[in-house]
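Please examine the structure shown below.

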Amino acid sequence: MSHPPGLDLDQLRGHLDRERPGLVGGPLSGRLIEGGRSNLTYEVTDGAAKWVVRRPPLGHVLATAHDMKREHRVIAGLHPTAVPVPEPLLLCEDTEVLGAPFYVMEFVAGTPYRTSEELAPLGPERTRAVVLGLVDTLVDLHAVDPAEVGLAGFGRPEGFLDRQLRRWGKQLDASRNRDLAGIDELHAALGRALPASPAPTIVHGDYRLDNVLVRQDGTDGVDRIKAVLDWEMSTLGDPLTDLGLLVMYSARLELPDSPISTTASAPGHPAPAELIERYAARSGRDVSAVAWYTAFAWFKLAVILEGIHYRYTLGQTVGAGFDRIGELVPVFIEHGLTTLQDLQEG
């Protein structure tokens, strides 16, 4: 039996037999599911049933051990609600089992659409329905009362936007090794125009199409969001940060051969304005300041990309496309400045 890196299947089987007797019916096999940039995700099966195991990355256990408990806590809280999440089956904080805390959840079949090319075969009508369903699911998430699902203390909503802005400013400073025209101007302008947050909700923190699983139901042929994944950035805070990020990812960048994949150019993909309008109508929230949140999303992604570029210049990042990340950063800065300017002129 081959053990995927970071997953001792014998140890896992022993633990599951002790904690969930009868769950596993035969020898386990497993594989690492590619795509996770931080925490590791594995598909595990006994030949009859499948499960998913999540653990921190190898070599960074102490820094991220807390993530497992937080992720498990939020999906456990949300599972009984209208928000589609996998059923959590077990949390293990004993590092003797796999060398790090981990949790096990049900396996949900579905497709994460990462690019316009992947989405295009659905055709315009199905693509439009999937993306509008993404908005509706976000509204469902933001409608959950954190206290009712055991998540009252899940974050510190007071001063959330100010803290976020300072945090990403520090991230920028940590990877500064070249002049980036406009990025300090964008950061300062965001600080001057800080909006008043609505009532706090559970925030996903990285809400976009490739962080959900979509599957066409056999009964009526409708594509539905079957699971929202990757809750490692979740907290209690300003719900419009999720909307701003979704709007940013729905903008058509028109960058040929870009290593940053979006689905916005797929035929039938709704324009950002329609996503904003649908969210406002269904949630009842005032979205008049959504341009600020979208500009903040452009700034945040610019900082993330600059961090990747910085690590690339140090020879710490290997793989296709990383050599072109640096040239994209000014594009994101420009979009952020333009979006904020539209808010001020409006």
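Against which elements do the buried residues of α6 pack? In this predicted model, they pack against α7 (183-192), β9 (235-237), α8 (240-249) and α10. Helix α6 itself comprises residues 160-174 and spans 21 Å between its first and last C-alpha, close to the 21 Å expected for its 15 residues. The buried positions in α6 are F160, L161, Q164, L165, W168, G169 and L172. Because these residues cover an arc of only 165 degrees around the axis, they lie on the same side of α6. On the other side of the helix, K170 and A174 are exposed.

The interior may be considered next. In soluble globular proteins, nonpolar side chains tend to be buried together. Here, the largest nonpolar core contains 78 residues, and those with the most contacts inside it are L78, L190, I202, W231, F299 and F332. Helix α10 (residues 290-313) supplies the largest share of this core, namely 13 residues. Apart from neighbours within four places in sequence, L190 contacts L165, W292, A295, F296, F299 and L340. A second, separate core of 18 residues includes L9, L12, L98 and V104.

The last site concerns an arginine. R54 is located in strand β3 (residues 50-55). Its relative accessibility is 3%, and R54 therefore counts as buried. The side chains of R54 and E232 are joined by a polar contact of 3.1 Å. Leaving out residues up to four places away in sequence, the residues that R54 touches include N39, E71, Y103 and D230, as well as E232.

Definitions and conventions. Residues numbered from 1 in each chain as written. Predicted model: local features only at pLDDT ≥ 70, side-chain atom pairs only at ≥ 80, totals over all residues. Heavy atoms only, no water. Core = buried A, V, L, I, M, F, W, Y, C linked by side-chain atoms within 4.5 Å. Buried < 20%, exposed > 50% of the residue type's maximum accessible area, 1.4 Å probe, protein only. Helix = DSSP H or I, 4+ residues; strand = E, 2+ residues; numbered from the N terminus. Contact = heavy atoms within 4.5 Å. Polar contact = N/O pair within 3.5 Å; in protein donor to acceptor, adjacent residues only side chain to side chain. Expected span 1.5 Å × (residues − 1). Arc of directions from axis to C-beta.
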